[in-house]
Amino acid sequence: MTTLLSAFTLRGVTFKNRIAISPMSQYRAVDGYANEWHRVHLGRFALGGAGLVYAEATAVETDGRRTHGDLGLWEDGQIDGLKQIATFLSQEGAVPGIQLGHAGRKASERRPWHGETPVDDEDVAARGEAPWTAIAPSPIPYADGWPAPSEMTESDIERVIDSFGAAARRSK
Ligand SMILES: Cc1cc2nc3c(=O)[nH]c(=O)nc-3n(C[C@H](O)[C@H](O)[C@H](O)COP(=O)(O)O)c2cc1C
């Protein structure tokens, strides 16, 4: 009989059960780098017995972060912190997963505890965190009161595709 706790194999990867931890943004990274916060946050789910533990939305480009606290994999230096976490998860019997992403027009947003509104000069004054211009398929703001993103050119699209590829290789 198959239950929640039965193992299964998907494209050569075997999960010890069907419990998967969704990606949950923590907004605790510095310059996209994982730290002790991420190690404890993700590690505890492996200790709890989940078969699959997803790291949070991880930006493939600096400007593809939603907030200044998002994780990233846009440069090689960001690999090591995540690799240590992935190694720990594997040792504890969980499959490490990752959600690579680009925030598009939701980029340059304040962390939830700073209001989830667009970053502006107040954030520069408070934390030295500058706003940046988001890119998106169309120059349509995320919501009322948000700045319009810059409409992506074909070369932007090519670059973002390449960035997803590079980040996927770093994830591996
Ligand atoms: C704190 C928190 C952070 C989240 N961050 C992400 C994220 O990084 N990426 C994502 O796709 N969903 C994110 N979500 C959504 C969850 O992954 C999940 O889809 C959502 O909680 C619904 O799943 P549930 O019905 O099992 O609770 C987040 C949810 C929470 C509560």
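**Exercise 1. Find which residues join Arg110, Arg111, Asp120, Glu122, Asp123, Arg127 and Glu129 into a network, and by what kind of link.**

Step 1. Arg110, Arg111, Asp120, Glu122, Asp123, Arg127 and Glu129 are connected in a network of salt bridges. A salt bridge is a side-chain nitrogen of Lys or Arg within 4 Å of a carboxyl oxygen of Asp or Glu. The model is a predicted one, where local features need pLDDT of at least 70 and side-chain atom pairs count only at pLDDT 80 or more, while totals for chains, interfaces and linings use all residues. Residues are numbered from 1 along each chain as its sequence is written, and side-chain values use heavy atoms, with hydrogens and water left out.

Step 2. Take Asp120 and Arg110: this salt bridge has its closest N and O atoms 2.8 Å apart. The pair links distant parts of the chain, with Asp120 and Arg110 both in the loop between strand 6 (95-101) and helix 3 (121-127), ten residues apart. Helices (H or I, at least four residues) and strands (E, at least two) are DSSP runs, numbered from the N terminus.

Step 3. Asp123 also forms a salt bridge with Arg110, and the closest N and O atoms are again 2.8 Å apart. Here Asp123 sits in helix 3 and Arg110 in the loop between strand 6 and helix 3, 13 residues apart.

Step 4. Compare accessibility. Buried means under 20% relative accessible area, exposed over 50%, and partly exposed in between (1.4 Å probe, protein chains only). Asp120 is partly exposed at 31%, Arg110 is buried at 12%, and Asp123 is buried at 3%.

**Exercise 2. State how many salt bridges the structure holds, and describe the one between Asp76 and Arg170.**

Step 1. There are twelve salt bridges in the structure.

Step 2. In the pair Asp76 and Arg170, the closest N and O atoms are 2.8 Å apart. Distant parts of the chain are linked by this pair: Asp76 is in the loop between strand 5 and helix 2 (79-91), Arg170 is in helix 4 (residues 154-171), and 94 residues separate them.

Step 3. Asp76 counts as exposed because its relative accessibility is 54%.

**Exercise 3. Decide whether Glu61 is buried or exposed, and list what Glu61 is in contact with.**

Step 1. Glu61 is placed in the loop between strand 4 (52-59) and strand 5 (71-72).

Step 2. With a relative accessible area of 9%, Glu61 is buried.

Step 3. Leaving aside neighbours within four places in sequence, Glu61 is in contact (heavy atoms within 4.5 Å) with Trp74, His102, Arg159, Val160 and Ser163.

Step 4. The side chains of Glu61 and Arg159 make a polar contact at 2.9 Å. A polar contact is a pair of N or O atoms within 3.5 Å; within protein, one must be able to donate a hydrogen and the other to accept it, and residues adjacent in sequence count only if both atoms are side-chain atoms.

**Exercise 4. Describe which residues surround the ligand.**

Step 1. Around the ligand are Ser22, Pro23, Met24, Ser25, Ala57 and Gln99.

Step 2. A backbone N or O atom of Pro23 lies 2.9 Å from a ligand oxygen atom, and one of Ala57 lies 3.2 Å from a ligand oxygen atom. In the side chain of Gln99, an N or O atom is 2.7 Å from a nitrogen atom of the ligand.

Step 3. The ligand taken alone exposes 620 Å², and the protein buries 37% of that.

Note on methods. Near = heavy atom within 4 Å. Areas by Shrake-Rupley, 256 points an atom, 1.4 Å probe, with all protein chains shown as cover.
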